[in-house]
Amino acid sequence: METLERDTGDSKEASYSAEIQNIWVEAQDSLKTRLVTEDDFRWQLPTTTAAATTLIGGGECEVLKYVGGVDISFAKDDPSIACGTLVVLDLQILEVVYEDYSVVTLHIPYVPGFLAFREAPILLQLLEKMKTCDHPFYPQMLMVDGNGILHPRGKCPPTFYWIFFPVFAYCSSILLNGFGLACHLGVLANLPTIGIGKNLHHVDGLTQATVRQLLETKGMHEDILSLRGDSGRTWGAAMRSNPGSFKPIYISVGHRVSLATAVKIARMTSKYRVPEPIRQADIRSRDYLRKHQSAG
C-alpha cells in the first residue's frame, strides 16, 4: 500500500483526509459486493472430540479442526510500531499448533470506520505466507479481534422499502452492511471469518449500556442476546462467555459464516471471556512485541 505524507497546512490536510476516505468508501463498497453472510464451507462442526473426519450418509466429511485467530498489538511509546499475529489452534484441544508474527511501522493513521485499511495488510501477509508454504495447519476459518457487519458504516433500508420494494431492499441491504476488519479480511483471503468485538459500536440504535441492561434482565440462565437494531435488523449477538459475568463479547458475521454458526464456534472456543484463538493471538502478540523491542 502506498504511503502518503501528511501536509502541514490544516485545510489541505483536512481535504486530503476526506479524499482518502472517499477512496476507502469506494473500496469497501466494492468489496461488499463479494460478501457472503451465510454458511459457505465444506466442513462440518464437530459433534464429538474424536476424529477430524466423520461419517455422514456412508461417506467421510471434513470436520472443522484448525481455527485461526489474528490480533495486532502496538508499542506503548510509539503506536506506529505494530505486531501482527496469526495463531492456529486445534479445536479439539484448544491449543496453539502454529504461530507467526510480523513487526512493522504503520504509516496510515487510525480513522474510525476504516480500521481495516490500517491493519488488514499485515494480517493478510501472514495468511498468504502460510498459504504459500502449503502449511498443513492453514486455518479452515478465522476469528478476528474486530467487527464484521456490526460496524459503524452499517445502515438499513427504511421499513417501507421492505414492504413495497423487497427486491430493491434486499440488494440495498447487502451494500448497507457494515464492513469491519473481519469482513475485509474474509473477502480478501476468501476465508470464513467471525468478528469478535470487546466493545459495542453504536449502530442502528444499539448501545453498550442498553445491551448490558438487557443481559442483566435475562438473568444467569440466558447468555446470548440477539443484537436487533431499531430497524428490526439483526447485526450480531452479545454473548456472556463466563457464568456470573455481565461483560459480554460482541459476535458478528465476517464472511462465509452465518450468525448461528459464528455463535456456536465462539462457544466452542471460549475458556474465558474472549475466545481462545483471539485470546492467544493477543497474549502472544504483546509478548513478542515486548521481546522484539527489548532485543532491539
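1. Two strands are taken as paired if DSSP finds at least two bridges between them. In this predicted model, strand β3 (residues 66-74) and strand β6 (residues 141-145) are joined in the parallel sense over four bridges, and Val-67 has Met-141 in β6 as its bridge partner.

2. The β3 and β6 pairing belongs to an open sheet of eight strands, ordered β5-β4-β3-β6-β7-β10-β9-β8, in which the pairing is mixed. The edges are held by β5 (95-105) and β8 (224-228), each of which has a single partner strand, so that one side of each is left without a neighbour in the sheet. On average, and with direction ignored, neighbouring strands of this sheet are turned by 25 degrees against each other.

3. Two helices that touch the sheet may be described together. Helix α2 (residues 116-132) packs on the sheet and touches β3, β4 (81-90), β5 and β6, with its direction at about 45 degrees to that of β4. Helix α7 (residues 259-268), for its part, lies across β6, β7 (193-197), β8, β9 (234-239) and β10 (249-255), and runs at about 15 degrees to β9.

4. Helix α8 (residues 276-295) has 20 residues, which at 1.5 Å a residue should span 28 Å, and this agrees with its end C-alpha atoms being 28 Å apart. Its buried residues, among them Ile-278, Ala-281, Ser-285 and Leu-289, pack against β3, β4, β5, β6 and β7.

5. The structure holds six aromatic pairs. One of them is formed by Tyr-66 and Phe-137, and it is tilted, with 4.9 Å from centre to centre and 40 degrees between the planes. This pair links distant parts of the chain, since Tyr-66 is in strand β3 and Phe-137 is in the loop between α2 and β6, 71 residues apart. Tyr-66 counts as buried because its relative accessibility is 15%, under the 20% cut-off, whereas Phe-137, at 24%, is partly exposed.

6. Tyr-101 and Tyr-288 form a stacked aromatic pair, 4.1 Å centre to centre and with 5 degrees between the planes. Because Tyr-101 lies in strand β5 and Tyr-288 in helix α8, the pair ties together parts that are 187 residues apart in sequence. Tyr-101 is buried, with a relative accessible area of 17%, while Tyr-288, at 34% relative accessibility, counts as partly exposed.

7. Two further ring arrangements deserve a mention. Trp-24, Phe-114 and Phe-117 are linked into a cluster by ring pairs, and the charged end of Arg-233 sits over the ring of Trp-235, 4.6 Å from its centre.

Technical notes. Residues numbered from 1 in each chain as written. Predicted model: local features only at pLDDT ≥ 70, side-chain atom pairs only at ≥ 80, totals over all residues. Heavy atoms only, no water. Axes fitted to C-alpha atoms, helices over the stretch in contact; angles between N-to-C directions. Contact = heavy atoms within 4.5 Å. Expected span 1.5 Å × (residues − 1). Buried < 20%, exposed > 50% of the residue type's maximum accessible area, 1.4 Å probe, protein only. Phe/Tyr/Trp six-rings, centres within 6.5 Å; stacked < 30°, edge-to-face > 60°. Lys NZ or Arg CZ within 6 Å of the ring centre and 35° of its normal.
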